[in-house]
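I am opening a notebook on a structure that is new to me.

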Amino acid sequence: MATTLKRELRDIIQYRNAYLLAFSATTGYVCFGWEIGLIGGVITLPSFQQYFGLLSESASARASLSANIVSVLQAGGFFGALFSSYFASRFGRKPALIASGVIYLIGSIIQSTAGIGTSSAVGLKVLYFSRFFGGMGVGLMSALVPAYVSECAPRAIRGRCTGCIEVSVGLGNMLAFWVNYSVSLNISPGQMQWRLPFIVQIIPGALLVVFMLFQPESPRWLVERGHYDEAAAALAYIARKDQDDVSVVLTLGEIRADFIGKHRLPLLTQFRKMGESKIIFLRCIIASIATFFQQWSGTNAINYYAPQIFAGLGFSSTSSALFATGIYGVIKFVVTCMTLAFVIESWGRKRSLIYGGLAQGSMMLWLGGYAGIHPHQDVVPATYVSIVAIYLYGVFFCLGWGFTPFVLGSEVAPGHLRMAAMSLAAAVTWLFTYVIAQITPILLDRITYGTYLLFGVASLIMAAWVYIFIPETTGYPLEDIKYLFERDIILRSLEDAPLGWIFLGKRRAVSVEELKAADTLPTNSPKDVSEELRLEDASARGHSLRTSNSQGYDDPLII
């Protein structure tokens, strides 16, 4: 234990610049989590409902308006994510991230001033617009941050750095939940009671803009643009080494080789190249499939409508439901931090997703069974078990499907198509977050307990998908992950799965080392590769070192 702690402390010191980079970029996901956690509590405040005239509406009309207020953010997020690939490829990851923060800030300021000097009807329209506009900023962040961090993080801590995303989401959720609870208790009903949560959410957006000013551009984007000296400087900063260090030279040579013939691909060309072969298509679509499944786990149904869900379990007052929601946010945040510290690199991506999916599905099935057997809101002993089940669901979600889809998706996507693949995945996330936000109140009203059963069965299906079709990516350099999908994908996936040997018999997948040995140079243009690597003696030397040492886990590659 002491040895492990010493090693972890040594890694933190060695890679402190990389951790600082990940912390700075993932501040954008604090904005993401804040927006998700904020609105569900705000729309339950009587002061908000009175100001915008919701109290005079019927219950069904009020539910529809609430769903619209919640989901218009996802509409903006969808378009922001969809266009993120163009801006990130054209201007760079760093400028695009800073711009996303500015858009978010403008949206937050308009939200906090919606309705001032106008009627409630006009104010509601302004609120819709501001949430859509701010959603575009959050949508940009949701696609940019995973790609930027995965392209910059050293492979030894890549899972943790990318996993900071869910820590940031959890932090934003938790703070938003508690701000909502605090204003419900400490601020008298009136405009400031519901405006203050919107005002406070400006803080993480401002921090993102400031922090990113001091971080480097992605070395892979710099290589793609031919800025090799700047890429070497970025790598040296991330790893805290000199630019002529062998690991910097070696990593730069690998990245340059990977981008031969793929520089400055137009956006439409990137999307077209995603289908140039079955393997490339599979690697590009995994992120979208994973984020699609993530939304059908039910997590955002709880994030957005937790106060109503807890009210259905017997929390009669607004403040008590918000308090229970705040506890849910704390549990998710703490468990996410523990997962990031002790699970993601030791369990790996695959086991985290399998165990998390099975466990969270079990909790949803319990909630469905309870709601079906006990449809009334009076409290019985099983009610307390159901409350614990919601909290345990948050625990198990954070263990696996909370942030691992982003880690996995950003790792498996080809380097020259990563931004396009992640923008598509983020767009899928926002599209189905919008769908979930729209249908959850309807599902809870019409099929009640069937809502939880739907999410539970979906969680079991997603665990099975990972078990059969997804190989383990932990520990591999990004440029080597392509070999995991070259041949025998299902065999390799079962080899990496818990108890997978039961289904294999004597069959084994071709090892990554064998595939690398058969692919010493890219087959598309060996002459161009050689010329590119000879542009600098250091790059050529790094390539020869890489070829001579083919053991993936022992190579001195940085990222």
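**Rings and charges**

My rule for a charge over a ring is NZ of Lys or CZ of Arg within 6 Å of the ring centre and within 35 degrees of the ring normal. I then found the charged end of Arg 195 over the ring of Tyr 51, 5.5 Å from its centre.

A note on what I am reading: this is a predicted model, where local features need pLDDT of at least 70 and side-chain atom pairs count only at pLDDT 80 or more, while totals for chains, interfaces and linings use all residues. Residues are numbered from 1 along each chain as its sequence is written, and side-chain values use heavy atoms, with hydrogens and water left out.

**Aromatic pairs**

I describe a pair of aromatic rings by the distance of the centres and the angle of the planes. Rings of Phe, Tyr and Trp (its six-membered ring) pair if their centres lie within 6.5 Å; planes under 30 degrees apart are stacked, over 60 edge-to-face, and the rest tilted. I get 22 aromatic pairs by this rule. One of them is Trp 178 with Tyr 181, edge-to-face at 5.5 Å centre to centre and 85 degrees between the planes.

How far apart are Trp 178 and Tyr 181 in helix α7? They are three residues apart in α7 (residues 158-186), so about one helical turn separates them. Helices here are DSSP runs (H or I, at least four residues), numbered from the N terminus. Trp 178 is partly exposed, at 25% relative accessible area. Tyr 181 is buried, at 17%. My cut-offs: buried is under 20% relative accessible area, exposed over 50%, partly exposed in between (1.4 Å probe, protein chains only).

Next I took Phe 293 and Trp 465. Their ring centres are 5.4 Å apart and their planes at 55 degrees, so I log the pair as tilted. Phe 293 lies in helix α14 (residues 278-295) and Trp 465 in helix α21 (residues 449-469), so the pair ties together parts 172 residues apart in sequence. Phe 293 is buried, at 14%. Trp 465 is buried too, at 13%.

I also noted one aromatic cluster, formed by Phe 48, Tyr 51, Phe 52, Trp 194 and Phe 198.

**Buried places**

Is Thr 251 buried or exposed? Thr 251 is buried, with a relative accessible area of 1%. I place Thr 251 in helix α12 (residues 246-258). A polar atom of its side chain lies 2.7 Å from the backbone oxygen of Ser 247. Thr 251 and Pro 477 are 226 residues apart in sequence, yet 9.6 Å apart in space, C-alpha to C-alpha.

I checked helix α19 (residues 404-412) next. Nine of its nine residues are buried, so the rest of the structure largely encloses α19.

**Cores**

I call a set of buried Ala, Val, Leu, Ile, Met, Phe, Trp, Tyr and Cys residues a nonpolar core if they are joined through side-chain atoms within 4.5 Å. Which residues touch the most other members of the largest nonpolar core? Of its 78 residues, they are Phe 48, Leu 127, Val 145, Tyr 148 and Val 149. Helix α2 (residues 16-42) gives the most to this core, with 14 residues. Apart from this core lies another, of 55 residues, among them Phe 397, Phe 455, Tyr 476 and Leu 478.

How values were computed
Helices (H or I, at least four residues) and strands (E, at least two) are DSSP runs, numbered from the N terminus. A polar contact is a pair of N or O atoms within 3.5 Å; within protein, one must be able to donate a hydrogen and the other to accept it, and residues adjacent in sequence count only if both atoms are side-chain atoms.
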